[in-house]
Amino acid sequence: MATIGFTLTFWAWDLIAPLASWYGDRLELSSFQQSLLVAVPVLVGSVGRIPAGALTDRYGAKVMFPIVSALTIIPVLLLIVVKDSYGLMLVVGFLLGLGGTTFAIGIPLVNSWFPPEKRGLALGVFGMGMGGVALSGYFTPRIAEHGENLPFIVVAVALAAYAVLAMFLITDRPDRPVPSASLGTRLASAGRLRVTWELSALYAIGFGGIVAFGVYLPTYLKTWYELDPTDVGTKAAGFALVTVVFRPIGGWLSDRLHPAVVTACALGVVALFAIVQAFDPPLNPGGTVALLVMAAGLGTASGSVFALVSQVTPQAKVGSVTGIVGAMGGLGGFLPPLVMGAIYSAKDSYSIGFMLLSDLALAGCVYAYGRMRAIRPDGGEPTQEATKVTAGRP
């Protein structure tokens, strides 16, 4: 149920991106304006994970999932009303960001029901809910062909049905620790953990890359490779599908290897193929291979980072830490579309943007392998012995 809810709310969260070119033509938007339109929900959905995670620690997913799903219906339907106004589209896009907060609701729920040795795979399976982006990329433009308002109606009805089912079918673990401290105190406590910000940085690269491609890949494919909207939606959905498949693989590998090693390898692959794409290869086969391999790497890294979260975070703080880490991951997806749009407007090229992605992925690869392998299970600093052992590894 958590995965289904995550999937549906992520579809709602990503409703604007597959139709960005349609909105661009209808409202005569520049490349940067289109980028801003698709990035605003990402920003709000990311920041909103911080209070959503902390509130889930306090009230449980049984309360939070139905409420957030039901509230997301409002901006979904408002998209029908404001489609002819760029300013109002930005406002509704701000509200639509609510759909992106459910990630921080599901992680503590799933984390509480599984023992540590199985959490990597379980969280990876839950993370497959980000396939809502793939569903949106594939189905939204196709549904729109039968009526420009139909995608929003379909998603609103699905969210309403889920909200009702979630009230009855989602169950919080009976013995889960319920914090008594205030929201601000709990967030401050999570924020004081160094590992929170280290994980945030890694997740900003891994999941941020997925979000960035999810919202901007349709624009990139249409602008650079001159594909029609349906073909764009299909290829963008294929990219998202690969990230979805490889997220549980990243979690599964992390149950068997150290999650930091899995993260480092995955980000190393992303860095290499981002360089390949920076040289603007033809879409078939070079560009397709490069983009899909990057999707696999980003999906694997997203799964392994949250396997690491489950290992080093106290159970009572999982929601709060997840909220912060998830927020940073989403924020990692907010800036790249704006940067790519601005670079293309100025230089008529996307190469600089892909080289920046390569630099960030390589930095994450080095940090994950060099530092994160030695972190103690309680999230503290590496012990002297652990550091010596780590340093002695080949």
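Axes here are lines fitted to C-alpha atoms, for helices over the stretch in contact, and angles run from 0 to 180 degrees between N-to-C directions. Helices, for this talk, are DSSP runs of H or I with at least four residues, numbered from the N terminus.

Before I go further, please keep in mind that this is a predicted model, in which local features need pLDDT of at least 70 and side-chain atom pairs count only at pLDDT 80 or more, while totals for chains, interfaces and linings use all residues. Residues are numbered from 1 along each chain as its sequence is written, and side-chain values use heavy atoms, with hydrogens and water left out.

Let me start with helix 1. Helix 1 and helix 8, which covers residues 116-127, pack at an angle of about 35°, and their axes are 8 Å apart. On the helix 1 side, Ala2, Thr3 and Phe6 are in contact, meaning heavy atoms within 4.5 Å, with Val125, Phe126 and Gly127 of helix 8. Sorted by class, this contact has four nonpolar, two polar and no charged residues, where Ala, Val, Leu, Ile, Met, Phe, Trp, Tyr, Cys and Pro count as nonpolar, Asp, Glu, Lys and Arg as charged, and the others, Gly among them, as polar.

Helix 1, residues 2-13, also meets helix 9, residues 132-144, and there the axes come within 8 Å and cross at roughly 50°. That angle makes helix 1 oblique to helix 9, given that angles under 35 degrees count as roughly parallel, over 145 as roughly antiparallel, 65 to 115 as roughly perpendicular and the rest as oblique. From helix 1 the contact draws on Thr7, Phe10 and Trp11, and from helix 9 on Gly132, Val133, Leu135, Ser136, Phe139, Thr140 and Ile143. The class count for helix 1 with helix 9 is six nonpolar, four polar and no charged residues.

Now to the charged side chains. A search of the whole structure finds four salt bridges, each being a side-chain nitrogen of Lys or Arg within 4 Å of a carboxyl oxygen of Asp or Glu. One of them joins Arg26 to Asp84, with the closest N and O atoms 2.6 Å apart. This pair links distant parts of the chain, as Arg26 lies in helix 2 and Asp84 in the loop between helix 5 and helix 6, 58 residues apart. For accessibility I call a residue buried under 20% relative accessible area, exposed over 50% and partly exposed in between, using a 1.4 Å probe and protein chains only. Arg26 is partly exposed at 33%, and Asp84 is exposed at 53%.

Another salt bridge brings Lys83 and Glu148 together at 2.4 Å, N to O. Here Lys83 sits in the loop between helix 5 and helix 6 and Glu148 in the loop between helix 9 and helix 10, 65 residues apart. Lys83 is buried, at 13%, whereas Glu148 is partly exposed, at 35%.

Within helix 12, Glu198 and Arg194 lie four residues apart, about one turn of the helix, and their side chains form a salt bridge at 2.9 Å, N to O. Glu198 is buried at 6%, while Arg194 is partly exposed at 43%. Salt bridges that share partners join Arg26, Lys83, Asp84 and Glu148 into one network.

Last, which helix holds Arg247? Arg247 lies in helix 13, residues 229-256, and is buried, with a relative accessible area of 0%. Leaving aside neighbours within four places in sequence, Arg247 is in contact with residues including Phe103, Gly124, Tyr203 and Phe306.

How values were computed:
Helix = DSSP H or I, 4+ residues; strand = E, 2+ residues; numbered from the N terminus.
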